[in-house]
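Please look through the sequence and the structure before turning to the points below.

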Amino acid sequence: MSTAKLRETIHEYLSEAQSDSHEVQQKALQTLASITRVSPQNRSLLAQSYGAIPALLALSKSISPIIQTLSLSVLFNLSLNPNLKQSLADMETINHLNSIILSPTSPPESTKLASSLICSLAMLDKNKAKFGVAGTIPLLIHAISDPCNAAAHHLLSTLAELVQFHGNCTLAVRAGAIPVLIHVVESSDGEDLSGTSLAVLGLLSKFDEGLNALKKTEQIVSSMLEVLKGRCMLSKEGAAEILVRLFDENEGCLADALNLPEFLTVLADISVRGSAKAREMTAQLLKKTMDANLVSYSDGSHMLLQW
């Protein structure tokens, strides 16, 4: 099919998507979602159609869950084109996506799609600050704190993308991200949620605000030890990376670790049986504990390495 004919066909589907007939709307949106899922060209042609983005945004506000989710699916597909990310991330769209995440009556699928769309748009670094200004960060943290939120994994992944910008990290820490994420780590039955939460904590710890908040968290070392004793390797990698940063910045955390009877045994086990990253992180932790014990021994301290 020629580009001109394809453009005309896409325009027809867009017109039908705005029909007064719910059935016609649904079929048109299903087709648009399908043809934009795998074709960058189709995404560009749809985005270039006059009034396409405002129309899709309006449809995503429909009271019909299926129309809402289908239109969000099309918008998400459009966001996969790098050249469309900036234009899609206007304040009207961002505020609408925020409202979907905030609303307790939003269908779970709509919340997942809204979160995924934010994540996709935030992959363009220029857009990250926009979401910070629009108040997206505290909304995500509030939503993640709900243990029954079916979109928790999507929300965590979106937060992970946004906090790679320093300003958003500051906003996240001020909004209480550290205790919320640690609670998810400690209480989650799903290993993927724990692993993703630890990945976000690791990103936050790269900045002073996040690291300082972690250092002030009660029992942070013992909490990370419990993660290291678990089964999920992604979680172990995250916990070990966080401990490396804590030990570098806080001698008290290192002393706390050495007072935990299982700590060195757990590290030794991971250093042999862990993933490549986990082994690398635990090797650093073991070296830091050995160095600390040597210093303590030379100073006449009683804190000796116990195997």
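What follows describes selected salt bridges, where their residues lie and how accessible those residues are.

The model is a predicted one, and the structure holds 11 salt bridges. Side chains of opposite charge can pair when their charged atoms come close.

**A pair within one helix**
- Lysine 128 and aspartate 125 form a salt bridge in which the closest N and O atoms are 2.9 Å apart.
- Both residues belong to helix α9 (residues 125-133), where they are three residues apart and therefore separated by about one helical turn.
- Lysine 128 is buried, at a relative accessible area of 3%, whereas aspartate 125 is exposed, at 57% relative accessibility.
- Asp125 and Lys128 are also linked with Glu161 in a network of salt bridges.

**A pair between two loops**
- Glutamate 262 meets lysine 229 in a salt bridge, with an N to O distance of 3.0 Å.
- Because glutamate 262 lies in the loop between α18 (251-258) and α19 (263-273), and lysine 229 in the loop between α16 (220-228) and α17 (233-249), the pair ties together parts that are 33 residues apart in sequence.
- Glutamate 262 is partly exposed, with a relative accessible area of 42%, and lysine 229 is partly exposed, with 36%.

- Glutamate 241 and lysine 277 meet through their side chains in a salt bridge of 3.2 Å, N to O.
- Glutamate 241 counts as buried at 19% relative accessibility, while lysine 277 counts as partly exposed at 36%.

Terms used. Residues numbered from 1 in each chain as written. Predicted model: local features only at pLDDT ≥ 70, side-chain atom pairs only at ≥ 80, totals over all residues. Heavy atoms only, no water. Salt bridge = Lys/Arg side-chain N within 4 Å of Asp/Glu carboxyl O. Helix = DSSP H or I, 4+ residues; strand = E, 2+ residues; numbered from the N terminus. Buried < 20%, exposed > 50% of the residue type's maximum accessible area, 1.4 Å probe, protein only.
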